[in-house]
Amino acid sequence: MRKRSCMPALLVLALCVRPVFSDTLPENQWVLAAQEFSFTQGPERSSAETGLASLIPQLILEQISSGSARLTSRQEMLDRRLSALLTERISLFLQLSRQIKARDSLVLSYPDSRKLKAALRDENKKISDIQKKIDDNLKAAERARKEFQEAEDGTGSAYGHGGRDDSGRRSAEEILAGLFSGQREREIEMQRNERVTLYKDDFSRLFEPGEEQALQGLGSREFESAVVSAGIQGLITGQLTVYGDYVSVTASLSVFPGSDTVGTITEVGSVSDAVSIAHSIARYMIPKITNSRPVHLRFDVVPVECRRTASLTVDGILYQSVPDDLVIDAGIHTVELMCPGYMTQTITYNFADMPEFLVHIPLEVERSAVVSVSLRNPAAGSLYANGLFLGDIAPGVPGGYVSVNGAPVIGQFISAGKTDAGPLSAFFYVPSVLQEDGGNLMISVRPQDNASVIDKRRIWMYRGYTALVLSVPVTLFTTGRYVSAYNSYALYGPSGSQAQELYNQSQFWSGARIASIGITAAAGAFFAVELIRYLHAASSVLPVKARTAKPGQFESAVERTYAMEFPEEENPPETGDGPEHADTDLSGGNSDEGSLMPPADQ
């Protein structure tokens, strides 16, 4: 019972400790490359046929998305560990041979038997250390094979400990040991996700083995060493057979180290249509590269009646109806659901680590409404919403009308005045909760050059911080001198010969301390104020939220527009309304003078 009581605490500790370790690990990469394809026929070929040998593997790499995730297999992790241990053993064996030769040569170097014995003792110790490292290496290889076999048989432990108690549960000590030493005790990782990257980050760069390695062939030790030395884990190879205007392409994907072929496909097509051939091969290769199982998607559409009329798009592929069970490859996918009368919903998610997902898609009714957006403090300029022009601020027109459908609206006000940095602007947004048909909204925007304002406030903040930092040492110094003078005066007492001098010093440093503390306090307050002003300036780039107009606000904004001075147009239109406003009705037909007034039902 006492052991079981520790389990919840240890599990909480696991959740706290694991992310700390995982965040410090470097990003794992799985490098994919392709080699120039070979021909199965004689050397006499046209230039077009010869170009296919390098063009098709390049096109295949281009079709494969760099950045997708690959789930490595247990066998692959074992092959990597055994390859690393083999490389280490070879290096140790070469060191051992050199050390033995060096020891044997000592007989001719030391005629004195006493010195010879001491030298031989040192060399034998070095040889013994190398032999121990080789033995440890062999034991590590054997442990790796054993862990792999236990994982395959289902008898191993995810924490590197296979023992369990009679109840089949791991004890608290075993879990704690697994948390802190499991990664070190295991020789191989069972599985892990790695980011797929292209060889030299360029699909046009093909892997070129040496002439000797190429002659040895794909399964040879020399060829594998060349691939591993280049940092490649996956290699696409292939063969071409050409007859007339048609070509047969057989491509294979091999995983290194180990030279294991995980997939082979043959495609036949026209010599002039290499893109289609490469696309077909790449579609087959992608599941082999990601090494992931298919994922089943089931959709829960709300309301249910939309399921009959809705259309579904997954990664650009259109389905005229919502399927009951959609099978896709594991990874990041974008799902878009469209239903007449409802707003389109888009979901992007990493569908991985589970064989089946239930995608819940609630649809919102598409609302068509028109709201007026006006400036609380009108200024000469233009209004835009979702990239569309709403209108210019004019006498009697403090804003414009926006057509909304329930989705948030991002707008911008661009001032008519210009500075050296260009026209001033400010952003605003209209939330969906305020989108009622015929509603009047007010925005309090302040067009300004945000970059220059932020830079100015940042400079003043740095000045305040500098003043504070410079004043602190002075305060500490004067406080220390005052404490020293006061203690000296208290030590000698008022009746001493130096009492008056010590008293005067303590009074001087007391005044200096008070003055420096005051300066530091003022510098600290100045820095705090400038920091707040800087943060306020930095947040000014955020869109201003529109608010429902209070009684009298709209009429007040209209009156202010009549008192404003508007810049004269450089090329005024000859007739009343310019062509640029011919299709824009800012007044909504509610005013003969073209002023922006509330709808009649308001």
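Here is a short tour of charged contacts, then aromatic ones.

A bit of housekeeping: this is a predicted model, so local features need pLDDT of at least 70 and side-chain atom pairs count only at pLDDT 80 or more, while totals for chains, interfaces and linings use all residues. Residues are numbered from 1 along each chain as its sequence is written, and side-chain values use heavy atoms, with hydrogens and water left out.

**Stop 1: salt bridges**

The structure holds 13 salt bridges (a side-chain nitrogen of Lys or Arg within 4 Å of a carboxyl oxygen of Asp or Glu).

Select R458 and D455. The closest N and O atoms of this salt bridge are 2.3 Å apart. Both residues lie in helix α12 (residues 450–492), 3 residues apart, about one turn of the helix. Helices here are DSSP runs of H or I with at least four residues, strands are runs of E with at least two, and both are numbered from the N terminus. R458 is partly exposed at 25% relative accessible area, and D455 is partly exposed at 34%. (Buried means under 20%, exposed over 50%, partly exposed in between, using a 1.4 Å probe and protein chains only.)

Next, pick D324 and R307, a salt bridge with its closest N and O atoms 3.5 Å apart. D324 sits in the loop between β10 (317–319) and β11 (326–329) and R307 in helix α11 (residues 306–309), so the pair ties together parts that are 17 residues apart in sequence. How accessible is D324, buried or exposed? D324 is exposed, at 58%, while R307 is partly exposed at 23%.

Now show E76, R80 and E194: these residues are linked in a network of salt bridges.

**Stop 2: rings**

The model has 13 aromatic pairs. Rings of Phe, Tyr and Trp (its six-membered ring) pair if their centres lie within 6.5 Å; planes under 30 degrees apart are stacked, over 60 edge-to-face, and the rest tilted.

Select Y489 and Y503: this pair is tilted, 5.7 Å centre to centre with 55° between the planes. Y489 lies in helix α12 and Y503 in helix α13 (residues 499–539), so the pair ties together parts that are 14 residues apart in sequence.

Then highlight Y199, F207, F223 and F256, which form one aromatic cluster.

The charged end of R463 sits over the ring of W460, 4.6 Å from its centre (the rule: NZ of Lys or CZ of Arg within 6 Å of the ring centre and within 35 degrees of the ring normal).
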